[in-house]
Amino acid sequence: MFEIPHVINYLLWLGAVGCGLLGGVYFAFSAFIMTALGRIDPTQGKSAMNSINSTILRSSFMPLFFGTTIVSGALVAVAIFWSSEPGATLMLAGAVIYIFGMTLCTIFFNVPLNNALARSEAANGATAVSAWSRYLNVWTRWNHVRAISSTVTSALYIAAISAR
């Protein structure tokens, strides 16, 4: 038999671990991967990033990405409907930060930039260099938001676990 307090604990643990893993991936991109890609020839950098983007879609990253988003959505519902549960405010804050700062940021900013980069694969010359430079700057800026949101959410979920 499932008891609500146990289900909430499982969701919080899944969310904390998922956000921590995703925050680590985003941190790596922000801290050194994008810088390294920016130091190589723009054509090679674009090709490498396009390869990463297509590979990630068929990797274990995607179930983690969607699963953690689903868990966070469930925690919003839990925090609203069981607001008297210990840690409800922390789980709500974390889930909202995650959904807006990671999921929606990815959907509305990083993915469209990735799609534009894929379409520009054949471009070369000064236009390609300029587009790649812009991509590096803008994509990384939004990736910082994802890294911070995931990490803060992981901490808030851990705090909610402690409050329980």
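In what kind of crossing, left-handed or right-handed, does helix 2 pass helix 5?

**View 1. The crossing of helix 2 and helix 5 in this predicted model.** Helix 2 passes helix 5 in a left-handed crossing. Two packed helices are described by the angle between their axes and the distance between the axes. Here the axes of helix 2, which spans residues 42-56, and helix 5, which spans residues 126-163, come within 9 Å and cross at roughly 50°, and the two helices are therefore oblique to each other.

**View 2. Residues at the contact of helix 2 with helix 5.** On the side of helix 2 the contact is made by Pro-42, Gly-45, Lys-46, Met-49 and Asn-53, while helix 5 contributes Ala-128, Val-129, Trp-132, Tyr-135 and Trp-139. By residue class, the contact divides into 7 nonpolar, 2 polar and 1 charged.

**View 3. The largest nonpolar core.** This core holds 23 residues, of which Leu-12, Tyr-26, Phe-61, Leu-75, Met-91 and Tyr-157 touch the most other members. Two or more residues each are given to this core by helix 1 (4-39), helix 3 (61-81), helix 4 (88-119) and helix 5, and the largest share, 8 residues, comes from helix 3.

Terms used:
Residues are numbered from 1 along each chain as its sequence is written. This is a predicted model: local features need pLDDT of at least 70, side-chain atom pairs count only at pLDDT 80 or more; totals for chains, interfaces and linings use all residues. Side-chain values use heavy atoms; hydrogens and water are left out. Axes are lines fitted to C-alpha atoms, for helices over the stretch in contact, and angles run from 0 to 180 degrees between N-to-C directions. Helices (H or I, at least four residues) and strands (E, at least two) are DSSP runs, numbered from the N terminus. Angles under 35 degrees count as roughly parallel, over 145 as roughly antiparallel, 65 to 115 as roughly perpendicular and the rest as oblique. A crossing is left-handed if the near helix is turned anticlockwise from the far one by less than a right angle, and right-handed if clockwise. Contact means heavy atoms within 4.5 Å. Ala, Val, Leu, Ile, Met, Phe, Trp, Tyr, Cys and Pro count as nonpolar, Asp, Glu, Lys and Arg as charged, and the others, Gly among them, as polar. A nonpolar core is a set of buried Ala, Val, Leu, Ile, Met, Phe, Trp, Tyr and Cys residues joined through side-chain atoms within 4.5 Å. Buried means under 20% relative accessible area, exposed over 50%, partly exposed in between (1.4 Å probe, protein chains only).
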